Amino acid sequence: MFGGLATVPSNSPHLRKSGSRPVVSDLGVSDNENGAEEGFLNLTEANDMKGGSMPISTAAIMPSPALLWRFKVLLFFVWGFICCKIGWDSVMRMSVDLRDLFLYEAFLYYNPLLLVTMMVWFWGINLWVFAQANVNYAKIFDLDQNHLTHREIWKCATWMTIVVPTSMTAYLYLYSHGEVSLAASQPVLLYAAVAMILIFPFDIFYLSSRFYLLRTLWRIVLPLQAISFSDFFLADILTSMSKVLSDLERSVCRMVHRQVATIAWFEADSVCGSHSVAIPLVLVLPYLFRLFQCLRQYKDTGEKTTLLNALKYSTAVPVIYLSALKYHVFPEKWTNFYRPLWLLSGVLNSLYSFYWDVTRDWDLSGFTRIFKFGKAHLLSNLIHGRKWVYFWVISSNLILRCTWTYKLSSHLRHNYLTVFAITALEIFRRFQWVFFRVENEWNKMNSKSNIQLSMSDTANEEERLLVSNGHNV
């Protein structure tokens with residue numbers, strides 16, 4: 001018995017792969033067989049202990065998660081310091097007269113992806129707050145069970161935070177050291193890698209989430225179907241990133257025409273210059289997409305408020321095109337006629353958008369319910385039910401709505417750092433907007449569910465009363 005080969009039953013869990021279905025054991029197996037197997041296993045454990053060959057647990061030699069997290073944070077800061085040091089030394093190697101142009105070009109290629117990275121970080125914070133406040137955002141956006149959580153969003157943002165500045169540092173270093181061709185390849189490789197990851201057809205890199213994003217973008221470009229919440233929600237976010245899309249167009253244009261790390265783009269009237277007609281065209285696209293969505297909603301629902309919403313997005317068109325006219329009309333005509341119109345249209349767009357945010361997109365009756373977390377948390381104690389949240393969100397939204405006109409105006413782009421800061425502030429304003437817009441939608445969904453549930457209960461009660469009285473319907 002003990003000298004023969006031990007046989008393990010076919011339904012043993014040790015033979016199953018992780019995640020596979022368990023095999024149901026046969027009911028005819030006798031208790032004697034089970035007892036024999038237990039005795040054999042106990043004897044084997046005893047022999048192993050006597051021989052001193054007890055296996056060492058892998059969990060015992062693994063460092064704690066907190067220690068691993070601290071080590072990763074340390075590596076992240078060391079990497080950031082190295083990138084800043086190499087980038088600064090590379091910029092200082094350039095002559096003073098070319099340094100500003102050199103930084104402007106490098107900033108053009110990388111600031112769109114840096115701002116997208118910032119938006120991804122903010123979106124992860126949004127999802128974390130939704131999870132803490134028990135807001136079912138998966139139901140709101142019609143997500144499947146494999147949707148990304150805030151932890152996975154932050155993981156993607158971390159990799160973007162590492163890859164984009166690393167490529168920018170390599171560009172600065174190679175260009176300042178005379179390796180112009182290698183420097184020119186850095187942004188090209190980065191943009192190509194981003195595009196390949198987005199359209200990669202295999203089941204890696206969160207395929208279902210990438211497909212969901214691309215499908216939603218396609219529905220935004222061609223609103224041939226009923227508009228869902230996720231459709232116009234993402235389209236609203238794109239309006240805040242219109243400057244990002246415009247810089248992406250200019251960067252890709254220079255890559256296609258092989259103007260990266262050259263002086264060909266110095267001419268403002270060139271095909272990829274700062275006076276290109278493609279700049280206002282790309283700037284206005286997100287607003288046109290949103291305008292067409294509103295018209296589609298009016299066709300489907302007949303609600304007149306969708307027409308007023310469409311009017312709001314149409315007010316951005318004069319701001320963009322009146323600004324672009326500065327480079328195509330005489331200076332006197334611009335100063336005396338077109339600039340006052342541009343200022344008037346900018347004020348109208350800012351105030352109309354602010355009014356719509358406060359009265360339509362948000363629900364002021366429950367302004368801070370979104371921050372009422374299910375568990376006690378410092379952030380919830382600081383924000384939930386506080387009056388300063390009202391004043392901060394409304395005042396900051398008004399101010400940033402007005403400064404957003406600066407970014408939409410192509411003739412005010414001379415200081416690229418100022419434009420970058422204003423664009424970052426607009427992304428922060430949209431980050432705040434997301435909380436209350438999603439909360440408002442969640443409240444609407446709950447109110448509809450409660451109404452349907454009450455109607456169902458009323459019908460059941462009436463039917464019960466009729467049956468108890470002996471009536472047949």
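**Helix burial and packing in the predicted model**

In helix α9, the buried residues are Phe-229, Ser-230, Asp-231, Phe-232, Phe-233, Leu-234, Ala-235, Asp-236, Ile-237, Leu-238, Thr-239 and Ser-240. The structure described here is a predicted model. Helix α9 is thus mostly covered, with 12 of its 12 residues buried. This helix comprises residues 229-240 and reaches 17 Å from its first C-alpha to its last, close to the 16 Å expected at 1.5 Å a residue.

The C-alpha atom of Val-129 is separated by 8.4 Å from that of Phe-435, although the two residues are 306 residues apart along the chain.

The packing of two further helices was then considered. Two packed helices are described by the angle between their axes and the distance between the axes. Helix α11 (residues 278-301) packs with helix α12 (residues 305-314) at an angle of about 170°, and their axes are 8 Å apart. Since angles over 145 degrees count as roughly antiparallel, α11 is roughly antiparallel to α12. On the side of α11, the contact involves Tyr-287, Arg-290, Leu-291, Cys-294, Leu-295, Gln-297 and Tyr-298. These residues meet Thr-306, Leu-307, Asn-309, Ala-310 and Tyr-313 in α12. By residue class, the contact of α11 with α12 consists of eight nonpolar, three polar and one charged residue.

Notes
Residues numbered from 1 in each chain as written. Predicted model: local features only at pLDDT ≥ 70, side-chain atom pairs only at ≥ 80, totals over all residues. Heavy atoms only, no water. Axes fitted to C-alpha atoms, helices over the stretch in contact; angles between N-to-C directions. Helix = DSSP H or I, 4+ residues; strand = E, 2+ residues; numbered from the N terminus. Parallel < 35°, antiparallel > 145°, perpendicular 65-115°, else oblique. Contact = heavy atoms within 4.5 Å. Nonpolar A, V, L, I, M, F, W, Y, C, P; charged D, E, K, R; others polar. Expected span 1.5 Å × (residues − 1). Buried < 20%, exposed > 50% of the residue type's maximum accessible area, 1.4 Å probe, protein only.
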